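Dear colleague,

Please find the structure below. My notes on it follow.

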Amino acid sequence: MRRQLWGPALVLALITSAASLTSAGAAGEREPRPLRELYDNRAVSEDGRPGAADFDGQGRSLPAAALRAAGWQIGARPAVEGTRLDWPNSRPGRPDNVRAHGQRVAVEGRGDALTFLVAGTGGEATGIGTVHYRDGGHSRYELTAPDWRTGPLATKAVALPYLNSREGRVADRPRLYVVTVPLDAGRIVESVRLPHVRGLGRSLHVFDLRVRPAAEGWTGSWSASTAGLPEVGPWRDQTLRLVVHPTRSGPTARVRLSNTFAGTPVRIGSATVAVRAEGAAPRSAPVPLTFDGEGSTVLPAGAEAVSDPVGLAVEEGTDLLVSLHLPGAVPSVPLHDKAVQKSYLSTPGDHAADADGAAYTGTVKTWPLLTGVDVSGGPGSVVVLGDSITEGVGTTEGANKRWTDALARRLRDQDRVPRYGVLNQGISANRVLSDRYPGDGVSSDTGGVSALNRLDRDLLSQTSVRTVVLFEGINDVRWGARADEVVSGLRQLAERARARGVRAVVTTLAPCEGESRCTPAVDAERTEINRALRADRDSFDAVLDFDRVLRDPDRPARMLPAYDSGDHLHPGEAGLQALADAVDLTVLDGRRGRAR
């Protein structure tokens, strides 16, 4: 039998070769590559070939037909959380996502956040990644992708009506998520290292990754939160003419639309904006709006759109009319329910460009699809995250007597701090901790998802937000939440805001004795919340004591009768004005950062 003898030279050559390969592989791995070149998983299949993809290692996948029906087809560029994303340009059955395990992705830009289009399989997937900046520095981030089948519907970007398996179609609600993580302000991103995922059998799938650009040169002047997805009409080939009241002036404007919570796309046939004269009549001919240069646009399910800038001089204190032609059938639509403002609905046809209001024979008391108006210039915005007290329930329709309107007027009439736009993100019945509307499907409940679940959309992605005011919690304790739970939720909101460089101001809760659910036990919880907030010197940049402003000195559990709207829960217009008057405007100054 012949024996193979390896000499020292051969052994050394093999070791050197292996070391060279390892070194070359490590060097190559250190070089960032575009995400699409790293795709290593197939998530999407056609219904007729479900075995062509295996998203979760169990033979299940996302149905291409359902994605197309939602407007998330190949080549789609849905905008979510203020970021224009690219849906993978891969045919069904081809690699279309990356399972994160430390790959370095070529991503460039400067902004306030990284935006990931993700989903977890095998459960919620979490890991720590690294952002590399052009200046040679880096920062770490934590990314969590909810599970594609069991994650919360309240925070999903899009959900589908079924999934594919090797055996065929399965009735389920597979979902995708958009998650943002903060960036170091002012630094230019050069690349991003994806997380190493913790947890056996869990995978974090990344479909797209972008830097969310800061809204430089723009100020939010008006906004409304999407509070639910109720049935309407159905509207068919009709035009909405929506009345809004800007809080900040500017020579150029743009509007923001959102199809949040929806399962199907909505088409905007045409859109205009005009200064209002009276009723549905504009002061002069409406100015056409375009979207990426086109006169019409389609909003995929869960996505949003921002119009191109138009040269329309916006003045605070003067109403605008935003007109949206809906050429197709619209049986349900995402909207803000209690607008405390009358808007208009036309007879059939495209009446967006009408220079009078004759065609607008119907009325609506909501703000469908429209979520914001921005103006060019300005110092940025103060966002108020609240419930029906902030929303203005109990005030005169169309009079703009919300406390945020009064606050905007105070800011306009002074020069001690920047004259910020004031964005009202109040939702009637909203809570800090729990969802009223489940976040998915058609529902008559328009109490919105919880403040914790809507923070990214309704606060952090708002235009040039500098300061947030948190005025929520009374609905939580009225429906059984404990004081410590509410305080913990408010602290989480503030922590997330401050991580993005946003100043966080909290308010104490107003008294409500006499309202049916404001029992002595509820008042005890409310009082404990207020005590904890007043004593907290670390979690918030400032505390506004709205309880002391509104309460009756002789009976602190109830509102001063002069400030009561009559239902003992909502302040009347005098009470709301008192809240605005009591705000020390210097605590809203976003230039002060996190200093108390």
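**Strands and a helix pair**

Strand S16 and strand S30 (residues 370–376) pair in the antiparallel sense over five bridges; two strands pair if DSSP finds at least two bridges between them. This is a predicted model, in which local features need pLDDT of at least 70, side-chain atom pairs count only at pLDDT 80 or more, and totals for chains, interfaces and linings use all residues. Residues are numbered from 1 along each chain as its sequence is written, and side-chain values use heavy atoms, with hydrogens and water left out.

Helices (H or I, at least four residues) and strands (E, at least two) are DSSP runs, numbered from the N terminus. Six of the six residues of S16 (residues 218–223) are buried, so S16 is largely enclosed by the rest of the structure. Buried means under 20% relative accessible area (1.4 Å probe, protein chains only).

There is also an open sheet of five strands, with antiparallel pairing and the order S5-S15-S7-S13-S10. Its edge strands are S5 (98–99) and S10 (156–159), each pairing on one side only. S10 pairs with S13 (residues 175–182) in the antiparallel sense over three bridges, and lysine 156 stands opposite tyrosine 177 in S13.

Last, the helices. H7 (residues 483–499) and H8 (residues 520–535) pack at an angle of about 40°, their axes 8 Å apart. Axes are lines fitted to C-alpha atoms, for helices over the stretch in contact, and angles run from 0 to 180 degrees between N-to-C directions.

Regards

Methods: Buried < 20%, exposed > 50% of the residue type's maximum accessible area, 1.4 Å probe, protein only.
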